[in-house]
Structures are given as C-alpha cells and as structure tokens.
Amino acid sequence: MLSEIKYNELSKNKLKERYGKGADLGMGLVLAFGVVAVVTIIVYKLYSSSSGDITLPGGFKFKFTT
C-alpha cells in the first residue's frame with residue numbers, strides 16, 4: 001500500500017509559494033508557546049499559594065503570606 005503512494009519533495013521556493021513565510025516559523029512558534037506556558041504556570045502557582053519564600057540569584061529574597 002505504501003509503495004503505491006507517489007510523492008514529490010518540495011523545494012524551499014515551492015514551499016514559500018504554497019505556504020508563504022509561515023513554513024519557516026515552526027520552531028520559533030513552538031518555543032514562544034513554551035515560554036508563555038512556563039510563565040503562566042509560574043504566575044498561577046504564585047497567586048494560588050497562601051505563603052512562600054522566593055530566592056533569586058544575586059541574593060534577593062522575598063517572603064509573602066496572605
């Protein structure tokens with residue numbers, strides 16, 4: 001069945017004609033969604049917790065309670 005499938009490999013020019021510049025944005029788009037997801041999770045965890053300690057590089061320390 002797979003031997004019956006006929007396919008052609010598209011060149012970069014054909015890809016740009018067919019899909020525009022969006023074909024080159026794949027990995028950047030995936031990384032952008034990943035960064036947004038991580039930041040969203042961190043912010044959610046901070047707002048949903050009742051107390052905590054945060055230590056950042058450089059010696060900055062924060063304590064919060066509600």
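View 1. Among the elements of the protein chain, helix α1 (residues 12–19) has the lowest mean pLDDT, at 77, while α2 has the highest, at 88. Here pLDDT is the predictor's confidence in each residue, from 0 to 100. This is a predicted model: local features need pLDDT of at least 70, side-chain atom pairs count only at pLDDT 80 or more, and totals for chains, interfaces and linings use all residues. Residues are numbered from 1 along each chain as its sequence is written, and side-chain values use heavy atoms, with hydrogens and water left out. The protein chain averages a pLDDT of 82, and 86% of the residues score at least 70.

**View 2. The elements in order.** Two helices and two strands make up the elements of the protein chain, running α-α-β-β from the N terminus on. Helices (H or I, at least four residues) and strands (E, at least two) are DSSP runs, numbered from the N terminus.

View 3. Have a look at Val35, which sits in helix α2 (residues 26–48). Together with Val39, Val43 and Tyr47, Val35 forms a nonpolar surface patch with about 440 Å² of accessible area. Areas come from the Shrake-Rupley method with a 1.4 Å probe; for residues, only the protein chains shown count as cover.

View 4. Strand β1 (residues 51–56) pairs with β2 in the antiparallel sense over six bridges; pairing takes at least two DSSP bridges between two strands. Ser51 has Thr65 in β2 as its bridge partner, and Asp53 has Lys63. Three residues lie between the strands of this hairpin, and Gly58 in the turn has a positive phi of about 100°.

Technical notes
Patch = residues over 30% accessible without salt bridge, like charges linked within 9 Å, V, L, I, M, F, W, Y side chains within 5 Å. Salt bridge = Lys/Arg side-chain N within 4 Å of Asp/Glu carboxyl O.
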